[in-house]
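Hi,

Here is the structure I promised to pass on. Have a look, and then read on for what turned up in it.

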Amino acid sequence: MANGNNVKTLLILGFIFMIVLVGVAYGADVLLNAASNAANTITAYYVPNAQINEGDPGSESFWQSIPWSSVPLEPTVPVPDGISGHTPIVYVKAAWTYVQGVPYIFILMRSEVVGQESWLACPETTPTGQIWQPFGLTLPDGWWVVNVSYTENNEGVASVYTLPTSEQIGYPPGQALTNPITIYVYNSSGKLYGQIMGAIDPEGKPLNDGNPINITTINLNYNGTPVTSLAQFLALGLNGSTWAQDTYNLFYPEDTAGYVSLFYNSTFMYPERLAIMWLLGGVPNSWTQIAYTPHMMPGTSGALSAGEAELWVLNDNPRANNTQDSGYPGPTFFSRTSPPPYIHHPQYKDPLNLGYLENQGLIADLFVNGSSIYYIGGNYRVAFPSVDNPHVSPWLVLNGEANASELWDPSVVATGFQFVNSPTGPYMIAEFARTFSTQGVSGGQGESHYQIQLQPGNTYHVAFAVFQGGAGESVDFKSISFWWNIYIQPANSSSLSFIPLFLVGNAITVPVIAFLLMNRRLSENVIKLSIMNRIVRQIKNGDQGRP
């Protein structure tokens, strides 16, 4: 009988040990997952009645009570002697508030300055002196794209004709790499002469040393109408019109993949940039875990290796809010002195009127997928393709005939930027502000489909990047983070300390179970179990009420 009791006791102890082991493992797993999520999560704290000052970003009082999150960065081109990866870490804060019932997100980024503080915006150049991207105008292919045909021994004369869409060279598909040219027709003693202004060669150098090029023959397709003579060109009212010269870019994206640096020196530098990438979806859940970075593939015009994202890029030149920034505000119709040309449609609620605040800058608002980077809004005079109102023709934009209010509004994100000198060295700081939702900003034309839409209580995948323009970083070369999370704290919540209840309960109830199973005086044990049950309830209630 004694042996039977011993076996029973061993079985009970084994059962108890199993429960304890499972409980501890479960609790440890919950704690580890919580710690892992917390380690790469930035909380956007709710701040009632917060106000921003883009003229002095980070100076607002509410930022002082919000801790910095330290976000490690990695080089985008991690090769020996590569120029990427000068910035080891960027510091980030986030907050949000309501203004007249409209929620706004505020994000603050701070990074040390590596190299020199740069306000320059020199063309990206390889160490051998080749311009990285000779042609900065990417248009949808169409009838407005023409070829300027000349001979190398005489650049002063050329023919001009519409190039079939199938022959228009571009990246990604459906886009053409172009250069704007203007065609003039003159009447001299009753004879018509045509000239081309602004044409370039394949290396981006002005043809005929920048002097006018005489037209020998003309054969254009003006929106379906053949134009085969200078007289017809003149009769159609096209004199002085701008067309898009198809150009072979010697540095096609795939041609640039082998480079690991750009040229720079003390007088030839690039803009400083700070960027935030918001994942819009289209990737497996595992893709955003710690082992994965939002990889933009070298050898492409910024294509993302998976998924879709919105990208906020602040260039200190030409979009920052500093008088040193001679290029402000960049390739948009925006002006500091004239009324805003873009219409914020009535259904878009933006009481702060972002994009037109005093002392603010703008971002390049971009959409990224597996094909390319695309500009959202603005006009077509930019280096990457545009995602814009499909009802506005690139031809109208080229010729200044587009109604700017019909274009999508690139000014939905306001920024502030400045350099700060500190005892530990100079740093740059930037503040981004946007409404939670952009629904309605484009009057139902669809701009918001390419932008992140936020809600309190939700978590979003983000990544951060820093370009040290004063140390030669630009285009492909920068420092970028792994995927992080931004959690938007609900307005009515408070921070709660959390201990997995299962782990606590298991630590208390398992000894109770052991006591009951191994003690024959069950009547007394029932009383003790009741007491322990009250203790567990008290612990649970105390944990839920803890601030």
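To start: is Glu-310 buried or exposed? Glu-310 is buried, at a relative accessible area of 0% (buried is under 20% relative accessible area, exposed is over 50%, and partly exposed is in between, using a 1.4 Å probe and protein chains only).

Before the rest, a word on the source. This is a predicted model, where local features need pLDDT of at least 70, side-chain atom pairs count only at pLDDT 80 or more, and totals for chains, interfaces and linings use all residues. Residues are numbered from 1 along each chain as its sequence is written, and side-chain values use heavy atoms, with hydrogens and water left out.

Salt bridges

There are 3 salt bridges in the structure (a side-chain nitrogen of Lys or Arg within 4 Å of a carboxyl oxygen of Asp or Glu). Glu-310 takes part in one of them, with Arg-434, at 3.6 Å from N to O. That pair ties together distant parts of the chain, 124 residues apart: Arg-434 sits in strand E21 (residues 427–435) and Glu-310 in strand E15 (residues 308–315). (Strands, E, of at least two residues are DSSP runs, numbered from the N terminus.) Arg-434 is buried too, also with a relative accessible area of 0%.

Glu-124 and Arg-273 make another salt bridge, 3.8 Å from N to O. They are 149 residues apart, with Glu-124 in the loop between E5 (102–112) and E6 (137–140), and Arg-273 in E14 (residues 273–281). Glu-124 is buried at 17%, and Arg-273 is buried at 11% relative accessibility.

Then there is Glu-203 with Lys-205, at 3.4 Å from N to O. Here Glu-203 is partly exposed at 33%, and Lys-205 is partly exposed at 48%.

Around strand E11

E11 and E12 make a hairpin with 2 residues between them, and Asn-223 in the turn has a positive phi of about 55°.

Cheers

Methods: Two strands pair if DSSP finds at least two bridges between them. Helices (H or I, at least four residues) and strands (E, at least two) are DSSP runs, numbered from the N terminus.
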